[in-house]
Amino acid sequence: MLSERLKQIENRNRKFFKIYNRLAISTLIFFICIAVPSFAKENVLQLLEKEFQKVVTSSRPAVVKVIASQAAPTHLPPDIRRIVTRENISSGIILDKHGHIVTTTFDMMPNKIEVIFNNNKKVPAKLIGMDQLTDLVVLKADNKFPVQVKRGNSAKINTGSWVVTVGSSHGNHPIISFGIVSGRETLPTHTCEELIKINAPVSPGNSGGAIVNTSGEVVGMILAVLTEPNEPNPFQLQLPMQMWNSHNITFAVPIETVKSVTAEIIKHGKVPRGWLGVDIKISDFGVFVTRVVENSPAHKSGLLPKDIILEFNNAPVKNYTELRRCVGSTSPNTEVILKINRNGREQNYTIKLGER
C-alpha cells in the first residue's frame with residue numbers, strides 16, 4: 001500500500017512539473033516575442049550598432065572643435081606672416097549654458113581662439129584660465145547655448161568597461177572611436193591625479209574630447225596619447241614608419257577632476273595649489289631633500305637639506321610623484337604634518353603650505 005501511494009505521488013509530481021515547464025517555456029517565448037520583436041528582422045550586431053549610434057548622437061552636441069592660433073608679428077611681410085602663423089586644433093567639452101568650455105593646454109599662447117559647434121556655427125572665445133598641473137583650460141564663448149554635458153560617474157568605470165571617444169578633427173566631421181578601459185595610472189607628466197587608461201585609437205585634434213560611457217554620459221576628457229612601438233621586425237622588412245608605432249593608449253581625466261578644476265578656474269582664474277619649497281631626489285627610504293628654498297614654507301618650518309620625507313599627513317610618500325600629488329592637491333595656507341628622518345631619527349613637522 002505504501003509503495004503504491006508513493007508511486008501515485010511521484011506520478012502526480014511528474015505531471016505537475018511537466019505542466020510547469022510547459023508554462024514557463026511558453027511564458028518566456030511570449031515575453032521574448034513582445035519585448036524583442038525586432039529579432040525576426042535584425043541580428044544582435046545590428047541592434048548593437050543602433051545602440052552605439054544612440055550614444056554617439058546624444059553626446060556629439062556637447063563636444064566642440066577648438067581652433068587656437070598665434071599670428072606672426074605685423075611688421076613681417078604677408079607671405080612670411082602666413083608661414084609663421086601657428087594653429088592648434090583640439091577638442092573641447094561644453095560645461096554649462098553660460099558658454100564655458102573645457103579643453104587642454106595649447107602648445108603656444110594664442111592671440112585668437114575660435115570654437116566650432118556641432119551645427120558648424122563658429123564663434124570667438126576667450127581664455128578664462130588654466131591649470132598646468134592637470135593641463136586643463138577653460139574658455140568662454142561669446143554666446144549662450146542650452147547644450148550641457150550629461151555627466152556620469154567615472155568611479156563606476158572599471159577595468160573592462162566599454163567607452164566611446166568623441167573628438168574633433170581637421171575635417172568637418174568628428175572622430176568617433178570605441179575602446180575598453182584597462183585601468184587607472186599616473187603619468188610622470190601628470191602627477192596630480194590618476195588617469196583613466198583606455199585602449200582606443202584617437203587622432204590629432206581629439207585632445208580635449210569626451211569619453212562617454214554606454215549610457216551616453218561623459219565620464220572623462222581625453223588628455224594624452226601614449227604610443228608604444230611594435231615588436232622588432234624579425235624579417236627586417238622595410239615597413240612604413242606609421243606601421244612601427246600602431247599601438248596607441250589613450251589617457252583621460254576623470255570627469256570629477258574636470259568638474260572640480262574648472263569650477264576653481266571659473267571662480268578664481270586658476271586653481272590655488274599648495275607649495276612646500278624643496279628640491280628633492282629619490283632615496284631607498286623616502287624622498288631625500290637636496291635643497292630648501294629660502295623663505296619657503298619648508299624653510300620657515302625648519303626643514304633642512306639631507307632630511308628624508310617619509311609621510312605626508314600620515315600617508316607614506318615614496319617618490320617625487322606622490323609628494324607632488326599630495327602637496328598640489330592641498331589648498332594653500334593649510335597646515336600639514338610631515339614625518340621626516342633626520343640623522344636616523346624620525347620626527348614630525350607641522351608646515352603651513354604656501355601657494356604654488
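**Strands, a patch and salt bridges**

Trainee: How many bridges join S1 to strand S2, and do the two run parallel or antiparallel?
Mentor: Eight bridges join them, and the strands run antiparallel. S2 covers residues 86-94. Keep in mind that this is a predicted model.

Trainee: Which residue in S2 is the bridge partner of Gln70?
Mentor: Arg86. For Lys65, the partner in S2 is Ser91.

Trainee: And what is the bridge partner of Lys65 in S4?
Mentor: Ile116. S4 takes in residues 112-116, and S1 pairs with it over five bridges, in the antiparallel sense.

Trainee: Is S1 largely enclosed or open, and why?
Mentor: Largely enclosed by the rest of the structure, because seven of its eight residues, 63-70, are buried. S2 is mostly covered, with seven of nine residues buried.

Trainee: What does S2 form with S3?
Mentor: A hairpin, with five residues between the strands. Gly99 sits in the turn and has a positive phi of about 100°. Ile93 stands opposite Val102 of S3.

Trainee: Switching topic. How many helices and strands does the protein chain have?
Mentor: Six helices and 20 strands. Of the 356 residues, 39% count as buried. Among contacts with a separation of 6 or more, 58% come from residues 24 or more positions apart.

Trainee: What about the surface: how much of it belongs to carbon and sulfur atoms?
Mentor: 55%, out of an accessible surface of about 21,400 Å².

Trainee: Which residues make the nonpolar surface patch?
Mentor: Leu45, Leu48, Trp162, Phe178 and Ile180, over about 510 Å². Helix H2 (44-59) and strand S8 (175-187) are the elements that give two or more residues to this patch. Leu48 is in H2. At 46% relative accessibility, Leu48 is partly exposed.

Trainee: How many salt bridges in the count?
Mentor: Nine. Take Arg291 and Asp279: their side chains meet in one, at 2.7 Å from N to O. Arg291 is in strand S15 (287-292) and Asp279 in strand S14 (278-282), so the pair ties together parts 12 residues apart in sequence. Arg291 is partly exposed, with 42% relative accessible area. Asp279 is partly exposed at 32%.

Trainee: Which residues are linked in a network of salt bridges?
Mentor: Lys112, Glu114 and Lys122. Within it, the closest N and O atoms of Glu114 and Lys112 are 4.0 Å apart. Lys112 is partly exposed at 46% relative accessibility.

Trainee: Last one. Is Thr250 buried or exposed?
Mentor: Buried, because its relative accessible area is 0%, under the 20% cut-off. Thr250 lies in strand S12, residues 247-254.

Trainee: Which backbone oxygen does the side chain of Thr250 reach?
Mentor: That of Ala200, at 2.8 Å. Leaving aside neighbours within four places in sequence, the contacts of Thr250 include Ile196, Ile198, Ala200, Val202, Ile222 and Val225.

Technical notes. Residues are numbered from 1 along each chain as its sequence is written. This is a predicted model: local features need pLDDT of at least 70, side-chain atom pairs count only at pLDDT 80 or more; totals for chains, interfaces and linings use all residues. Side-chain values use heavy atoms; hydrogens and water are left out. Buried means under 20% relative accessible area, exposed over 50%, partly exposed in between (1.4 Å probe, protein chains only). Helices (H or I, at least four residues) and strands (E, at least two) are DSSP runs, numbered from the N terminus. Two strands pair if DSSP finds at least two bridges between them. Patches are made of residues with over 30% relative accessible area and no salt bridge: like charges are joined within 9 Å, nonpolar side chains (Val, Leu, Ile, Met, Phe, Trp, Tyr) within 5 Å. Accessible areas come from the Shrake-Rupley method with a 1.4 Å probe; for residues, only the protein chains shown count as cover. Contact means heavy atoms within 4.5 Å. A polar contact is a pair of N or O atoms within 3.5 Å; within protein, one must be able to donate a hydrogen and the other to accept it, and residues adjacent in sequence count only if both atoms are side-chain atoms.
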